[in-house]
Amino acid sequence: MTTAESPDGGGEQSGTTACCFCTGNDAATTSKFMIGCDACDRWYHGPCVGVDKKAADQMTEYVCLFCCRKSGTPYKHGSPEPVPKMTRRPPLRQVAALIEEADKIPLSIPELEPMRRLRGEAAARQTEASRVLEKEGSTFCELLTLIAACEECEVEPEALPQLRALVTKRTARAASRDS
């Protein structure tokens, strides 16, 4: 098992590089250490695969989710298992601008309808996120459910970083109350 980390706590290989379990758009994840699978030599951000730095430092071997599935052994690091995101997701405003530009072209573009569908899904999540962010007293469960729904979209709703920040803030506040 090998990890890569820079002196400031960020991964020397991470930067803003996406692993297959993230989009590479969240600096809170991509600035963390990376861990290499001993079976296939693929690299992942520790937080993306459910491994914290302390646990990684104590491991003698790390086997990724894909290699565990291939060998029929259970994945040991995290429940639920991480869900791959094999793409960086464009922000909603960028997709909307592309669709607007494509509508001006006097050609039939077959990819346009799927893009409209994806834009619609992300816009619905954006509307829901805006409502939750404006509302006082959203439950923690409500926020986490909405974040999960936004992360499932292939087009990233603009409010997703704000939702994550709100959850982080509430978690820190709850931790300080408990200590």
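Predicted model: local features only at pLDDT ≥ 70, side-chain atom pairs only at ≥ 80, totals over all residues.
Y75 counts as buried, with a relative accessibility of 9%; buried here means under 20% relative accessible area, exposed means over 50%, and partly exposed covers what lies in between (1.4 Å probe, protein chains only). Residues are numbered from 1 along each chain as its sequence is written, and side-chain values use heavy atoms, with hydrogens and water left out.

Back to the rings. A pair of aromatic rings is described by the distance of the centres and the angle of the planes. In this model, rings of Phe, Tyr and Trp (its six-membered ring) pair if their centres lie within 6.5 Å; planes under 30 degrees apart make a stacked pair, planes over 60 an edge-to-face one, and the rest are tilted. The structure holds three such aromatic pairs. One of them is stacked: F21 and F66 sit 5.5 Å apart, centre to centre, with 15 degrees between the planes. F21 lies in the loop between β1 (2–4) and α1 (27–30) and F66 in helix α3, so this pair ties together parts that are 45 residues apart in sequence. F21 itself counts as buried, at 8% relative accessibility. The rings of Y62 and Y75 have their centres 6.5 Å apart and their planes at 85 degrees, so that pair is edge-to-face. It links distant parts of the chain, with Y62 in the loop between α2 (53–58) and α3, and Y75 in the loop between α3 and α4, 13 residues apart. Ring pairs also join F21, Y44 and F66 into a cluster.

Some of these names come back in the nonpolar cores. A nonpolar core is a set of buried Ala, Val, Leu, Ile, Met, Phe, Trp, Tyr and Cys residues joined through side-chain atoms within 4.5 Å. The largest one has 20 residues, and F21, I35, Y44, V49, V51 and Y62 touch the most other members. Helix α3 (residues 65–71) gives the most to this core, with four residues. Apart from it lies another core, of 11 residues, which includes V132, L143, L166 and V167.

Now for the overall layout. The protein chain has seven helices and three strands, where helices (H or I, at least four residues) and strands (E, at least two) are DSSP runs numbered from the N terminus. Read from the N terminus on, the order is β-α-β-β-α-α-α-α-α-α. Of the 179 residues, 34% count as buried. Taking contacts (heavy atoms within 4.5 Å) between residues at least 6 apart in sequence, 55% join residues at least 24 apart.

Next come the helix pairs. Two packed helices are described by the angle between their axes and the distance between the axes. The axes are lines fitted to C-alpha atoms, for helices over the stretch in contact, and angles run from 0 to 180 degrees between N-to-C directions. Helix α6 (residues 140–152) and helix α7 (residues 160–178) pack at about 150 degrees, with their axes 10 Å apart. On the α6 side the contact residues include L143, I147 and C150, and on the α7 side L163, V167 and R170. The residues of this contact divide into 10 nonpolar, one polar and three charged; Ala, Val, Leu, Ile, Met, Phe, Trp, Tyr, Cys and Pro count as nonpolar, Asp, Glu, Lys and Arg as charged, and the others, Gly among them, as polar.

Helix α4 (residues 92–103) and helix α5 (residues 112–134) have axes that come within 10 Å and cross at roughly 145 degrees. Among the residues in contact are V95, I99 and D103 of α4 and M115, R119 and Q126 of α5. By class, this contact has 10 nonpolar, one polar and three charged residues.

D41 is in the loop between β2 (34–36) and β3 (43–45), and its phi is near 65 degrees, a positive value in a residue other than glycine. D41 counts as exposed, at 59% relative accessibility. A124, in helix α5, counts as partly exposed at 44%.
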